Amino acid sequence: MSDTWPYLDVHQSRTHEPTPYEYKLAATLEDVFTEAGHELSDVVRGLNARQVHAGDGTPWTEESFRAEMNRLGA
């Protein structure tokens with residue numbers, strides 16, 4: 001990180017290094033947004049179709065996706 005102003009620290013809100021699960025979820029979300037759509041139902045359907053499930057291994061629901069995004073601070 002630079003000490004001169006202005007600077008950008010792209011990870012300034014990070015509290016920890018992403019886990020393998022978080023990396024996989026992020027990469028899959030990029031794919032879903034590109035190929036399947038932006039609506040919550042599209043995202044949930046896209047994640048489940050790609051078999052990238054919630055952290056506990058269960059398929060996503062709209063409620064579980066919202067809760068996980070809240071937990072991750074997204």
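Biologist: Where is the place of E68?

Modeller: E68 sits in helix α3. Helices here are DSSP runs of H or I with at least four residues, strands are runs of E with at least two, and both are numbered from the N terminus.

Biologist: Before we go on, what are the ground rules?

Modeller: This is a predicted model, where local features need pLDDT of at least 70, side-chain atom pairs count only at pLDDT 80 or more, and totals for chains, interfaces and linings use all residues. Residues are numbered from 1 along each chain as its sequence is written, and side-chain values use heavy atoms, with hydrogens and water left out.

Biologist: Back to E68. Buried or exposed?

Modeller: E68 is buried, because its relative accessible area is 11%. Buried means under 20% relative accessible area, exposed over 50%, and partly exposed in between, with a 1.4 Å probe and protein chains only.

Biologist: And what does E68 touch?

Modeller: Y21 and W60, leaving out residues up to four places away in sequence. Contact means heavy atoms within 4.5 Å.

Biologist: Zoom out. How many helices and strands in the chain?

Modeller: Three helices and zero strands. From the N terminus, the order is α-α-α. Of the 74 residues, 24% count as buried.

Biologist: How much of the contact set comes from residues 24 or more positions apart?

Modeller: They account for 33% of the chain's contacts with a separation of 6 or more.

Biologist: Which residues make up the largest nonpolar core?

Modeller: Eleven residues: L25, L29, V32, V43, V44, L47, V52, A54, W60, F65 and M69. α1, α2 and α3 each supply at least two residues of this core. A nonpolar core is a set of buried Ala, Val, Leu, Ile, Met, Phe, Trp, Tyr and Cys residues joined through side-chain atoms within 4.5 Å.

Biologist: How many aromatic pairs does the structure hold?

Modeller: One. W60 and F65 form it, edge-to-face, at 5.6 Å centre to centre with 75° between the planes. Rings of Phe, Tyr and Trp (its six-membered ring) pair if their centres lie within 6.5 Å; planes under 30 degrees apart count as stacked, over 60 as edge-to-face and the rest as tilted.

Biologist: W60 and F65: buried or exposed?

Modeller: W60 is buried, and F65 is buried too.

Biologist: Switch to α2. Which of its residues are buried?

Modeller: D42, V43, V44, G46 and L47. The cover over the buried residues of α2 includes α1 (20-35) and α3.

Biologist: At what angle do α1 and α2 pack?

Modeller: About 120°, with the axes 9 Å apart. α1 is therefore oblique to α2. Axes are lines fitted to C-alpha atoms, for helices over the stretch in contact, and angles run from 0 to 180 degrees between N-to-C directions. Angles under 35 degrees count as roughly parallel, over 145 as roughly antiparallel, 65 to 115 as roughly perpendicular and the rest as oblique.

Biologist: Which residues make that contact?

Modeller: From α1, L25, T28, L29, V32 and F33; from α2, D42, V43, G46 and L47.

Biologist: What about α2 and α3, at what angle do they pack?

Modeller: About 95°, with the axes 10 Å apart. α2 and α3 are therefore roughly perpendicular to each other. L40, S41, V43, V44 and L47 of α2 meet E62, F65 and R66 of α3.

Biologist: What follows α2?

Modeller: Q51, with a positive phi near 55°. Q51 is a residue other than glycine. Q51 lies in the loop between α2 (40-49) and α3 (62-72). Its relative accessible area is 61%, so Q51 is exposed.

Biologist: Now L72. Where does L72 lie, and which residues is L72 in contact with?

Modeller: L72 lies in helix α3. Beyond its neighbours within four places in sequence, L72 contacts E22 and L25. L72 counts as partly exposed, because its relative accessibility is 31%. The C-alpha atoms of L72 and P18 are separated by 9.9 Å, and the two residues are 54 apart along the chain.

Biologist: Last one. Where is S13 found?

Modeller: In the segment before α1. S13 is exposed, because its relative accessible area is 68%. S13 and G73 are 60 residues apart in sequence, yet 9.0 Å apart in space, C-alpha to C-alpha.
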